[in-house]
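Work through these exercises with the model open beside you. Try each task before you read its solution.

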Amino acid sequence: MATAETLAPIAVSDAPAASHAPATVDGGFAALGLRDELVRAVLAHGYSTPTPIQKQAIPAVLEGGDLLGGAQTGTGKTAGFVLPMLQRLMLSAKPQLPPNNGARGKKLPRALILAPTRELAAQVEESVRIYGKFLPMTSTCIFGGVGINPQIQAMRHGVDIVVATPGRLLDLYGQGAINFSQIEILVLDEADRMLDMGFIHDIKKVLAVLPPKRQNLLFSATFSDDIKALTDRLLNNPKMIEVARRNTTIEVVDQSVVLVDKAHKAKLLVHLIREQKWTQSLIFTRTKHGANRLAEQLEKSGISAMAIHGNKSQGARTKALAEFKTGTLQALVATDIAARGIDIDQLPQVVNYELPNVPEDYVHRIGRTGRAGASGQAMSLVTNEELPLLKDIERFSKQVIARVKIEGFNPALIADPVSTTADARDAEWAARGGRPAPRGRPGGSGAKRPSSGGSAGYGGGAGGAGGAGGGQRPPSGPPRGRAPAGAPSARPRTGGGGARGR
Ligand code: AMP
């Protein structure tokens, strides 16, 4: 077994998902070696150009060796492994099953994809169906929280590809309902999150019962020692590909922080959703209870909202997600784990109602927006008590996130050096009678300053003469927060507009 340290990278790119080349007619998918049935399915789904991870992963997987993929969600990694996996299964399909396989002539699964959450498993399986629609390939999804019998039936019926969360998969195996003897390809998707969620023992149990000769693909956004230990154990002389490192992915997301008193948070959120006309926002809380309470508060304020978290039945989660995707539901309130795997093209708005305890989760959360090249906005509502968490996040992501003020919601006490410095700067400019400078996303798509005097980014004139929609800052002053020396510059893709509507 190779160790992670000895891996020879075949390509390393920092290119963010946003750097996709413009669409081309033949798409470039064919040039990666994919067969016509797959290229047609991808084009029919509206993708004409492979993303950076797809450009690297597809040929590597087609070659047949093991692969270690360093890629976050949002990079297009799912198609990066599903497309070549389908092709390999198609080419290796045997006309007849070996005798005595115990399946009475039924198909036995030839590929197994493990994912940390039900939502991710369901979405990956949906991708398998989408990309495999011109192939005679069948798939099924296996996860807990729903009845086991239909899953047993599906396995009896016979499928080529199984996408599963580890726990329920082992339940099925324990009941003799699944036969792994024909598995040719194993994928561990979001392996780091599977380990975070304590699945290592289940994964080891699954590995122990798979045929030893197979292709292994492992994707992970981070590479802790535990992941390295797993790759050492699992992967055989893997190729390593890596794209969209942490600090580049988040640069397509317009991030801001609003400091607010705890007692006013819910009111502020309602105000923002209404004033900025957020029609589809994914809102994060730290706890399940907090998610329920907030969804109720939003509903009472006339905003259609639902909570999803681990205590909700699978039916309720699926319903909430479906309504959110179609736009019936204005706000989806989620905990980190429940939100993992939620994939909505061009989700415009993520709100951190409460900051996560783990800085990495912040990156995962805001990765829900700005996916595969789309831009998005992530706003964090932060109380004084949460400032240490904010500091950790900023240190981790090597940026200072822009502070934004929302009129009527200024906190009584600000213990935040960044905003107080910015306030001092505002005051200085106000005292000098500084000129208002245009702020906000200039003429951007539906961009709108918050009404009623709304917000103004720090560093500009909330307290100055600029008033609504106008702020001031020294012409040479930094827009919207300053990156620490040597760090990637703090965002200001938008020219520093602070809160904006959609
Ligand atoms: P993933 O990283 O697999 O979760 O994918 C992130 C998002 O990118 C999903 O919404 C995909 O549907 C989308 N996507 C995948 N491949 C492409 C592509 N080649 N062009 C544009 N979007 C894509």
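Two residues are in contact if their C-beta atoms, placed from the backbone, lie within 7 Å. Keep in mind that this is a predicted model.

**Exercise 1. The whole chain**

Task: Find how many helices and strands the chain has, and what percentage of its residues count as buried.

Solution: Start with the elements. The chain has 17 helices and 18 strands. Next, take burial. Of the 502 residues, 49% count as buried. Last, look at the contacts between residues at least 6 apart in sequence. Of these, 77% join residues at least 24 apart.

**Exercise 2. The cores**

Task: Which residues have the most contacts inside the largest nonpolar core?

Solution: The largest nonpolar core has 67 residues. L114 and V163 have the most contacts inside it. Now list the contacts of L114, leaving aside its neighbours within four places in sequence. They are A164, P166, V187, L188, D189, M194, I203 and V206. There is also a second, separate core, of 51 residues. Among its members are W278, A305, V363 and V404.

**Exercise 3. Helix 6**

Task: Which residues of helix 6 are buried, and what do they pack against?

Solution: Helix 6 spans residues 166-174. Its buried residues are P166, R168 and L169. Viewed down the helix axis, they fall within an arc of 170°, so they line one face of helix 6. Their packing partners include three strands: strand 3 (111-114), strand 4 (139-142) and strand 5 (161-164). Helix 7 (191-196) and helix 8 (200-208) are partners too. After helix 6 comes G176, with a positive phi near 70°.

**Exercise 4. F143**

Task: Is F143 buried or exposed?

Solution: First place the residue. F143 lies in the loop between strand 4 and helix 5 (149-157). Then count. The cut-off for buried is 20 or more other C-beta atoms within 10 Å. F143 has 22 such neighbours, so it counts as buried. Beyond four places in sequence, F143 touches R118, A121, A164, T165 and R168. One of these, R168, is a buried residue of helix 6. Finally, take a distance.

**Exercise 5. Helix 11 and the residue after it**

Task: Which residues of helix 11 are buried, and what is the phi of K277?

Solution: L269, L272 and I273 are the buried residues of helix 11. Seen down its axis, they fall within an arc of 95°, so they line one face of the helix. The buried residues of helix 11 pack against strand 10, strand 12, strand 13 (349-352) and strand 14 (376-382). K277 follows helix 11. This residue sits in the loop between helix 11 (265-275) and strand 10. Its phi is positive, about 55°, although K277 is not a glycine. K277 counts as partly exposed because it has 13 C-beta neighbours inside 10 Å.

**Exercise 6. Strand 12**

Task: Which residues of strand 12 are buried on its two sides, and which residue is the bridge partner of F284?

Solution: Strand 12 covers residues 331-334. A331 and V333 are buried on one side, L332 and A334 on the other. Strand 10 (residues 281-284) pairs with strand 12 in the parallel sense, over 4 bridges. F284 has A334 as its bridge partner. Strand 11 (residues 305-308) also runs parallel to strand 12, again joined by 4 bridges. There, A305 has A331 as its bridge partner. Strand 11, helix 13 and strand 12 make a right-handed β-α-β unit.

**Exercise 7. A44**

Task: Is A44 buried or exposed?

Solution: A44 is in helix 1 (residues 36-44). It has 12 C-beta neighbours inside 10 Å, so A44 counts as exposed. A44 and I130 are 86 residues apart along the chain, and 9.1 Å separates their C-alpha atoms.

Terms used
Residues numbered from 1 in each chain as written. Predicted model: local features only at pLDDT ≥ 70, side-chain atom pairs only at ≥ 80, totals over all residues. Core = buried A, V, L, I, M, F, W, Y, C linked by C-beta atoms within 7 Å. Arc of directions from axis to C-beta. Pairing = 2+ DSSP bridges. Right-handed = clockwise from strand over helix to strand, strands pointing away.
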